[in-house]
Amino acid sequence: MSVTVTDVSKTAGTAGAGSPASVSEWVRRRGLIAGVGALVVLVVLGSVLLGGGGWPAGLTADISGPLDDANDWVVDNRDTHPLFLYFLLHLSNTATDAVDGVYQVLDALGWLGVVAAGVLVAWRAAGLGRRGLRVALTSLGAFAVCGLLGMWDATLLTIALMVVSVAAAALLGALIGLAAGLSDRVNRLLRPVLDTMQVLPAFAYLLPFVLVFGTGTPAALFCTVIYAAPPMARLTALGLRGADPAALEASASLGASGWQRLRTARLPLARKQMLLGLNQTIMMALSMVVIAALVGAGGLGEEVYSALSTTDVGKAFAAGVPIVLIAIWLDRTTAAAGDRIGEPTPAGSWLHGGRAWALVAAAVAVAAAVRTTTWPEAWTYDISTPVNKAQEWITANLTFTEVWAREFTLWILNPLRDTLVWLPWWSVLLLVAAVTWFVGNWAAAVTATAAMAVIGALGVWAKSLDTLSQVLAALVVTLVLGFLAGVLCARAGRLERWLRPVLDAMQTMPQFVYLIPVVALFGATRTSAIVAAVVYALPAVVRITTQGLREVDPAAVEASRSLGASTRQQLFGVQLPLARPALQLAVNQGVVLVLAVVVVGGLVGGGALGYDVVKGLSRGEMGLGMTAGIAIVCLGLVLDRITQRTSRPTDR
């Protein structure tokens, strides 16, 4: 017996054939039929009037020349123009001095002082119980491995960049979130800006700051701050707007002013959301600090970049492991601190509040007084040689990875790219408009079509379609694996508990790190970029799918079961249709994450737009890099609008 959502709805006594919902569905279907007919007519007319082929050369505008001229002007006037002398130069010097100052403090503490600070701060933030001990031991292991692998100085520089960038991003995000949380108008104005910022790949943030500040610490710091601030802004606004109305009403009834209500009620109630925002800001800042090695940020990211440039997997692995461990340390510390919010202080405990932090500071001062300098050379171990030998053995013996990569490129990537490039340019625009309108509304369709047209006008049509083919191939693999794993996790709680630590670890890793193992297994090819993108995007798709299926109304599932539906019928007829909003969100997040890594994959053979950005950044060809960066932004906007369902008048 086949059971559908309609059957369950009727059983539950929902609207019948004459209800407004049925009428709106009938109108929607008629509109869809009319749209398909119009699409067929437009295809025929386009074939007759416009013909085929790629984007017409007459409709392109070369902006690389003006961008190169702008870059030359900046270089020539950086030391003389008032804009640089009295404003941008001060910003640049402040950024450099701040990072150098933090690095000098860390260096003055010595390796023992830094380890003590990291461990004790983690222990204090996570609590003095068993969980705090686990987090402290994790921190100790992370710092110890960083030193043992010979990456201590690079780790300190990365931490210095992180401290300054997270502090600035958290402050900026909190101020923006405060404005959005207290004002509906500001919230409406900021929402599309933050939405757009979230779909932009990390590479897109590097280019404008390099144009203004050149390569070095200032460009890396400022682009990291802008990239990492949106999560803090969003979650601060969410926490403030979601404050308990009863608590606010009680505060107002006691005569509290607006500032007093904010300080004593709104902000304390929003602390949990704000700390979650800080956690996300830290993770995004670490990811961006590592990528910013392309513009001379230094630290662990530069070690990974230089190793990948020479395909030295061993050296890249030695620098990648500390990045992962730093991410785990920061994630566990901030997550544990967030979980402790609202917990009562144990009776009779004096190790809390200011006294506990004073004790931490005293212990760090004692450790720093030992006057240790950098990590002892005798306590380091070079793993690059064993890793490179292991990689050579894998290449020689596990040939199935190379065969799979070659076959995947030959039978999937190349045909998909060739098909997209072969399609007439106007048909691609028409297809984008039709799909976006079907998923969302006319405004989204116009936005996506205009963004696709801008890609053509920039003269990078074929390269953008090449990047699009890689994104689509990676997205299909991600969704198949992610939906399957999400369904299994939703139906088997034990499997979800087993996978949770794996997914947690995968979500904390910066994008760069995913390139290291795939290069070792598959070499520097387009397939490597796709595999890295799949692994990077998979945790988000699995988590969202699992959560969406678990939030399906149990009454609907029980109704289908009472009608004799099998497990398969319950899944495909009830749970998946009712979880459609969550599945659409999973698709949208999968697209955004896949695009981010496919672009970074230009470092390891991905080619297309990602390669142009890397080439532009590394060789100072700002016109080439900026053109590719703008195309990436437009492509991200197109994919976001296609996969993000927006409201229609009939949906309200």
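Thr224 is buried, at a relative accessible area of 1%; buried means under 20% relative accessible area, exposed over 50%, and partly exposed in between, with a 1.4 Å probe and protein chains only. The structure is a predicted model, in which local features need pLDDT of at least 70, side-chain atom pairs count only at pLDDT 80 or more, and totals for chains, interfaces and linings use all residues. Residues are numbered from 1 along each chain as its sequence is written, and side-chain values use heavy atoms, with hydrogens and water left out.

Thr224 belongs to helix α9 (residues 217-241). Helices are DSSP runs (H or I, at least four residues), numbered from the N terminus. Neighbours within four places in sequence aside, Thr224 is in contact with Ser165, Ala285, Met288 and Val289. Contact means heavy atoms within 4.5 Å.

Thr138 counts as partly exposed, with 33% relative accessibility. In sequence, 191 residues separate Thr138 from Trp329. In space, their C-alpha atoms are 6.6 Å apart.

Two helix pairs were examined. Two packed helices are described by the angle between their axes and the distance between the axes. Axes are lines fitted to C-alpha atoms, for helices over the stretch in contact, and angles run from 0 to 180 degrees between N-to-C directions.

Helix α13 (residues 300-309) and helix α14 (residues 313-339) cross at roughly 150 degrees, and their axes come within 8 Å. This makes α13 roughly antiparallel to α14. Angles under 35 degrees count as roughly parallel, over 145 as roughly antiparallel, 65 to 115 as roughly perpendicular and the rest as oblique. On the α13 side, the contact includes Leu300, Val304 and Leu308. On the α14 side, it includes Ala319, Ile323 and Ile326. The residues of this contact divide into 9 nonpolar, 3 polar and 2 charged. Ala, Val, Leu, Ile, Met, Phe, Trp, Tyr, Cys and Pro count as nonpolar, Asp, Glu, Lys and Arg as charged, and the others, Gly among them, as polar.

Helix α18 (residues 425-439) packs with helix α28 (residues 622-643) at about 40 degrees, with the axes 7 Å apart. The two helices are therefore oblique to each other. Val432, Val435, Thr436 and Val439 of α18 meet Val638, Arg641 and Ile642 of α28. This contact holds 5 nonpolar residues, 1 polar and 1 charged.

Helix α26 (residues 580-600) is mostly covered, with 15 of its 21 residues buried.
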